[in-house]
Amino acid sequence: MKLPVFPKGFGALLFFVLLSAGLCAQQRTITGRVNDENNMPLPGVSITLKGTNQTSITDTSGYFSVTVPSTGAVLVFSYVGYQPQEITVGESSTLNVTLLSASSKMDEVVVVGYGSQSRRNVTGSVAKIDMSQTENTPIASFTQALRGRVAGVQFADNGRPGQGGSIIIRGDRSLSGSDAPLIILDGVFFYGEYSDINPNDIESMQVLKDASATAIYGTRAANGVIIITTKKGAGTKPTIRFNAFYGASGWSKKMNLYGPEAYLQRILDYRRQNNQPSNPDSIRFYLQTTEQEIYDAGQTVDPWDVVSQDASIQSYDMSVSGRTDRTSYFLSANYVNDKGLILNDNAKRITVRMNLDNKITNWLTIGLNSQFTRRDLSGIRAPLDMAYWLSPYAKLYFDDGELVPYPVVDNLEFNPLFAPTYYKNKALNYSIFGTAYALVSIPQIKGLSYRFNYNPRFTWDQNYLAQPVYDRADAGYQNTGLARRVNQQNASWQYENILTYSKSLGDHDFDVTLLYGQDHQEFDITRAESRNLFNDALGYNNLNIGTTQTTPNEPEDVEISNSVSSMARLNYRFRNRYLLTLTARRDGSSRFGVDKKYGTFPSAAVAWIISDEAFMDKLTVFNMLKLRLSYGKVGNIAGGPYQSLGRFITTQYVFGDGSPTYTGVYPDQSYMPQPNLGWETTTAANAGIDFEILKNRIGGTIEYYYTKTTDMLQRQSVSTLTGFSNQYINIGQVDNRGIEITLNTVNIKTKQFSWTSNIIFAANKNKIVHIKHQDTDKDGVEDDDLSNNWFIGSPISVNFDYEFDGIYQEGDPMPAGYKPGWVRVKDQNKDGRITAEDRVILGQRDPKYRWGITNTLSYGNITLSFFINAMQDFMAPFNMLSIENARGGGSFPGRPVNMLNAGYWTPENRSNTRPGLTWTNPLNMQFYAKRDFVRLQDVSLAYDFPKSITERYKLTNLRLFVNGRNLATWTDWPGPDPESGNNTITNLYPTPRTVTLGLNLGF
Amino acid sequence: MQRINKIITAMLVFTLLYGTACKKDVLDETPQAFMNIEATLTNKAGFESAVIALHAGAREQLFGQDGSRMWALHLGTDEFMTGDPSLADFNDYITWLTPQQQSVTMNWNWAYLTMIPRANLIIEYAEKPTVTWASEEEKNALVAEARFMRAFTYNFLANLYGGVPIVDRVYMEDKRDFVRASRQEVYDFARQDLEFASQWLPVEAPAKGRIAKGAADHLLAEVYISLGDYDKAIEAATRVIDGPYKLVTERFGNYLNRPGDPFSDLFRDGGQNHVANTETIWAVQMEYLTPGGIALRNQGNTTLRAFGNRYWNLKDPDGNAGMVVADSLGRGVGWVRGTNYLFYNIWDDPNDMRNSRNNIRRDFYYNNPESPYVGQKVDRNNPVHDTAWDYYPTIRKIEGESLAGASYGRTFKDHYMMRLAETYLLRAEAWLRKNDPVMAANDINVVRGRAHAAPISPDDVDLDYILDERARELMIEELRRLTLNRVGKLVERVRAYNPKSGNSIQDYHGLFPIPQDVIDANSGTELGQNDGYD
């Protein structure tokens, strides 16, 4: 057998290392302990013998032991978040060290793409999320840690359990390409769900915002990059940690629906305005027959109570970590059980992680980071549109206790309890994600190393549904039974070859990174359905029970996409204060048209650490001042594959009685093929200043950016005369300009008491510069695109409509056919008539400003922090404000269903804000509301038990915290939550208000 | 510095090496789970399935969605108005019929997004050299079916909107400068398609629901009338009448043991496709619990739901529930109620079969077993009854087996698109327009004769009489708005017969407006709105 070929001289090197470690006689051992300023032990501090690669690490109690030469040894103690210390070893064989926390953010290590750097040396715009800010808050998904804490990063979720939410970095660039940032987990692309990741496993998170930082990720980087690094084993003594929290939630806001009396009054008012008999004494007669029963019995129902459940969240997390000579390990398990506010809206999650890193030889390290997640979203949640419509006099139950399918006989309304109670489902998602890597430090060439990553991901979704047979004579509803099984698989893999080389030559330091990789993604879905079950006992587990078995007619059951990438980066430092980064990435993707597969994305950045210059020595106010400039291009990739191709989809038909099924094919009218579909390119310039002043009491970053997105990947509506409704195209240009400010201040710091603040502010201005370079009317100005609501010079996402201008009152002159109580539309061009020309831009849909403030007050072992989050100057349609249903607002004033109680015009109250009940919305206009809000997002109080207690129980730390989330919101938005912006009657999810008790334990 | 240059050079070499070394085929995109147009339309089987999609599209016009807006071609005419008092559809024409109105867009999109592209694809690709056809006949028969559907759609558009853009080819590129043809040009375009279809379609359709020559000739008769070519209209209609079609005069079908007559048997479950039914020219097909048996986004034949009254809401004289939903009656919601003109005024002959109890249900009896009044006739004159919504006559054409339960509200019956009786009335109209009232009366009397109604004298035949006869014979089957728009009588007859819409309708309402979003999207040139709407 032939042994693996090792580089020449390697054996000798190995021998030498072993020799020097074992046989060198002139050595001695130093032991000691490392503490922080509060005399707490610091585990995981790395201790390096200066001038060598010899490194050791403190254990969980802060103790260490190192072997040093008998004379002249200098030990370097370093730990993330603390100032490194160099100590010359004296005569003593014990050494106790106190590390001071790194008041300078500049000394922290940040992970950038394909490597890590000291913040000092970073040239791009990289924001690090301080995970300690959220450790006293109950977060079930890492995305929640981003909310309001990073300038330029916008996070929103929809208030439901188990949802990862959405992240937007530096505003909308592309409406149709995705806005979601790229997630890099432990150095590799992560395409899974945000909620697959256990936030307790995260060591650090960085957000890359400018093109210099992101361009190394090329085509996927246009929306910014979030780099997540999971924990690794540190001390030689195993660390065991246990975190748990339990929270109880309630509604932060209930939308105001009609109560019993107002509901009856609305019936009377509607009938009067609709010229029907309207006698208050006959009100019982105007009710539906089922409503009469409830009315006669003197009962009423509250819709939101009907669909609520006791909401709570609990999380238990345990981890074990440590390291031996050659191996470091981190193992964790986490269980979250999140019960939402809405009946049966539940999410359970189990995650298990194992990170192993093994130094096989001095030149080869191999490792595996892996996670398994099982998410269980089973439970048919109560439909909120049905709650919204529920009459206060709805009859929900038959006398025998069974549910009434139609609680009012008008069949618009279906009992919101029916599906949650009778239907059964299974909604499981399994995901396995891993990164196997090998790291080779090429021995012959100092500074040259090679890394190979292979990261497979596999997810499997089961979505099964069983509707039982339902046949009850008095129910007015029949169901022959349904069983459905949907199985979905995603399989993907990437591999990457990364070569890095670093070198110092006097004043010049540089490192080079080269990459080549491929990426493959596969998606596969199987759907099967069975109806007309003669027996429903087997639920969704046997589709053969039903007589009608089908594969539901949905297109695209299999998708495959591929990409190939190569990248090169150079970091160069001159005299450690003039910094330069150059990158170039070339990506090819199968998702684009035949001749548009490849894109190249270069970037450059420079930085100057001004405070290191001699002339700054006199300006003692500045502890640190750094200027950064960057410029580059990044790409954005289309949402799904095959968008450049024309496609047939299938339909079915029958011919004759007792006919079999015939399959028809037709071109998918939703998307016109676009063979020339290519990359969307964003060119971005960024200028930033990092500073620390007044003895590091105030530190921060101010950034200005300008991005120009060209060849935008847009889903545009096309004229339906072409036979298609939409098309993906590369079109036009959108500019974003913005300013981002981050401030970290130490307001008060005494021995016992400290008060620190973190303030972020971001403003973004978004503008369409070009659409199609078309000037049909030859007026010298490029044409707007009315069918897509795109206007030159306006933000990409605007509300374009008629303007509400009050309500016509008795005696007002009004257009033909109009009546008092109808909406007055503003005659913008003052031609005396209301035409399509009177539509205007009413406002933008994305916020102009976002800000957040976190204040942390510490006194002894007690820490109190509160966090305020705000977004301002934006608006969205909220059609429940309308009185009728033309635009799908869900208001049917003439039917026995509920609706938003926001008043309406009557001849007596002469409302000038809402129309009368018989308005028909002739122009099909929408109603809009401002989404501006300021929210008290989190208030946390934590108590660290003193050492006297922890030591008695052999604990390293013990902390209790209580957190209140979403305690108050100041807004005019009429919907359940301005941040989520949910505005249709099917998604009126309120954001929970949660009070949580938590425990952190280490031993 | 020299070292750095070397490194940069090495970087570039590395990048270029890998950048160009990538195999191109890795990035080739091959659809995995959907058909590619070019690969499918290569032979008869491929075109057959494209034609099937066209039939599915045709069914979606009437049964693709649910809700009152689906019935805009009936509501606000002389025949029908809203029943449900909370509906405003066409009650005030000025504020209802706007370019933003949902049904205005819905009908337009059905034509231009569903029907025309599917038809154009077949017509265009059939001529490609890559297609293997067994014979010219094989190709032409399939093309003829597609051209029939295209003509059917353009005739619909011209009747409803007037002059519209003629899209006669497949577009695979964004186009924003469509122009409208005149109404006559649109009719003429339909004529050309139909003449081809009439030439190449088989006399006997290959399956129930497929298109035969008779359907093309029937539609051709109408299109020739619109073009003013009455001789050709008569010829076309005559080809149908002399063809394998004949009005049914004997009872038939699966319900012989129930009360009925030949006319009512036409509309029972299974009647449309029955072998004894010789007057179906084209019926869209439905089937219960069969994939493809109903339109995708809808739940069956929704005429019962839309046109049926809410008898189940009737209260007994004590004010309590007097009714329960009955299998035989289904569960109407009363969106579309006949006018008095339809229910009462047009019935000039008490013997008219079409007004018999078998065909119009006028009396209702309490059926709630818990009511002391069960079995008693509901008193129409009791003012507690809402005769606009709950208690109006039921046109029994809508009734059908409640296969999915009575409360389901929909049936699974096939639905007539063309029936021989209408061919007679089209020929009568052509004769009349040719100033031959005798021949016109002859045709009308064939239809009346089958219904045992007294013949009409030629002196009494005018266009209004033909419209009345169409109402008696074709109510619900006929999309009344299309007919009235076609003959230019909508405004006049709504004023005369529709109490809800009559006051507000204006002269310009004889055509639908062009949808605003279509005008907005046509940025390359002004598409132009119909008069009165801008």
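**Close-up views of a predicted two-chain model**

**View 1. Tyr943(A) in its strand.** Tyr943(A) lies in strand E48 of chain A. The model shown in this and the following views is predicted.

**View 2. A nonpolar patch on the surface of chain A.** Tyr943(A) belongs to a nonpolar surface patch together with Ile862(A), Leu941(A), Val962(A), Leu967(A), Val995(A) and Leu997(A). The accessible area of these residues together is about 560 Å². Three elements of chain A each give two or more residues to the patch: strand E48 (933–944), strand E49 (957–971) and strand E50 (992–1002).

**View 3. The contact between chain A and chain B.** On the side of chain A, 109 residues take part in the contact, and on the side of chain B, 100 residues. About 8,600 Å² is buried between chain A and chain B, with 62% of it on carbon and sulfur atoms. Of the area that chain A buries against chain B, 10% comes from Phe648(A), Tyr653(A) and Leu721(A), more than from any other three residues.

**View 4. Polar contacts and salt bridges between the chains.** Between chain A and chain B, 25 residue pairs are in polar contact, counting pairs with both residues at pLDDT 80 or more. Three salt bridges are found across the interface of chain A and chain B. A salt bridge also joins the side chains of Asp785(A) and Arg176(B), with an N to O distance of 4.0 Å.

Notes
Residues are numbered from 1 along each chain as its sequence is written. Chains are lettered from A and ligands numbered from 1 in the order in which they are written. This is a predicted model: local features need pLDDT of at least 70, side-chain atom pairs count only at pLDDT 80 or more; totals for chains, interfaces and linings use all residues. Side-chain values use heavy atoms; hydrogens and water are left out. Patches are made of residues with over 30% relative accessible area and no salt bridge: like charges are joined within 9 Å, nonpolar side chains (Val, Leu, Ile, Met, Phe, Trp, Tyr) within 5 Å. Accessible areas come from the Shrake-Rupley method with a 1.4 Å probe; for residues, only the protein chains shown count as cover. Helices (H or I, at least four residues) and strands (E, at least two) are DSSP runs, numbered from the N terminus. Contact means heavy atoms within 4.5 Å. Buried area is the accessible area (1.4 Å probe) that two parts lose on being put together, summed over both. A polar contact is a pair of N or O atoms within 3.5 Å; within protein, one must be able to donate a hydrogen and the other to accept it, and residues adjacent in sequence count only if both atoms are side-chain atoms.
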